[in-house]
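Please open the structure in the viewer and keep the selection panel at hand.

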Amino acid sequence: MKKIVVLVSGNGSNLQSIIDACQQNRINGHIAAVFSNKADAYGLQRAERADIPAHFINPQAYADRASYDIALRQAIDQYAPDLVVLAGYMRILSPGFVQHYHGRLLNIHPSLLPKYPGLHTHRKAIENGDQEHGTSVHFVTEELDGGPVILQAKVPIFAGDQEEDVSKRVQTQEHSIYPLVIGWFLDQRLVMERNSAIMDGQILPPQGYASE
């Protein structure tokens, strides 16, 4: 069975959606381990409850990002993962880490990329008067939130919405599309080649599969 390693920094709601999908056989694989850069990340407790090895690696024990990422990579590779999944992992990854997992490193970002890379995406969408917002699953490259998009889901923004309202709407979609994309990858329907996402042999458009 294919092996997944998940990286988290916080609550881990997307991790939980992946755990559930694996248990329900919607993903042809299992989570081999979960890693976090935060000792108090609730995602680690979610992993432990599901009998998944959970590891905290302390960034303060390392001189810089590159040395931390080398230690993280070595720890991950003990599990020989087929796929590494970022699920609310809030550290910028070093180029060496990204290159090591080239083509098998996924992230989910709370915006309709290329709109709003980085932080505070819901706030930016509301402040700019957007009528729709959403989330994007993409392959990770060295460009922050710049890798090829695989799948997006859109949500409306209504008058009077607060960040929390939009966040809840977006998370509901995230919990649906992230396990779906992971399943595609592990079923070998999805690959990254020449900096493009390719699904069933077809290069996906910039907004990903079935974006409309």
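Begin by selecting Phe35, which is buried because its relative accessibility is 2%, below the 20% cut-off for that class. The model is a predicted one.

Phe35 and Tyr79 form an aromatic pair of the edge-to-face kind, with 6.2 Å from centre to centre and 75 degrees between the planes. The two partners come from distant parts of the chain, 44 residues apart. Phe35 belongs to strand E2 (residues 29-36), whereas Tyr79 sits in the loop between helix H3 (65-77) and strand E4 (83-86).

Now select Phe97 and Tyr101. Their rings also form an aromatic pair, here tilted, at 5.0 Å centre to centre and with 55 degrees between the planes. Phe97 is buried, with a relative accessible area of 1%, and Tyr101 is buried as well, at 0%. In total, the structure holds five aromatic pairs.

For the last stop, display helix H1 (residues 13-23) together with helix H6 (residues 163-186). The two helices pack at an angle of about 45 degrees, and their axes are 9 Å apart. H1 is therefore oblique to H6. The crossing of H1 and H6 is right-handed.

To view the contact itself, show the side chains of Ser13, Asn14, Ser17, Ile18 and Ala21 in H1. They meet Gln171, Glu174, His175, Tyr178, Pro179 and Ile182 in H6. Coloured by class, the contact of H1 with H6 comprises five nonpolar residues, five polar residues and one charged residue.

Technical notes
Residues are numbered from 1 along each chain as its sequence is written. This is a predicted model: local features need pLDDT of at least 70, side-chain atom pairs count only at pLDDT 80 or more; totals for chains, interfaces and linings use all residues. Side-chain values use heavy atoms; hydrogens and water are left out. Axes are lines fitted to C-alpha atoms, for helices over the stretch in contact, and angles run from 0 to 180 degrees between N-to-C directions. Helices (H or I, at least four residues) and strands (E, at least two) are DSSP runs, numbered from the N terminus. Angles under 35 degrees count as roughly parallel, over 145 as roughly antiparallel, 65 to 115 as roughly perpendicular and the rest as oblique. A crossing is left-handed if the near helix is turned anticlockwise from the far one by less than a right angle, and right-handed if clockwise. Contact means heavy atoms within 4.5 Å. Ala, Val, Leu, Ile, Met, Phe, Trp, Tyr, Cys and Pro count as nonpolar, Asp, Glu, Lys and Arg as charged, and the others, Gly among them, as polar. Rings of Phe, Tyr and Trp (its six-membered ring) pair if their centres lie within 6.5 Å; planes under 30 degrees apart count as stacked, over 60 as edge-to-face and the rest as tilted. Buried means under 20% relative accessible area, exposed over 50%, partly exposed in between (1.4 Å probe, protein chains only).
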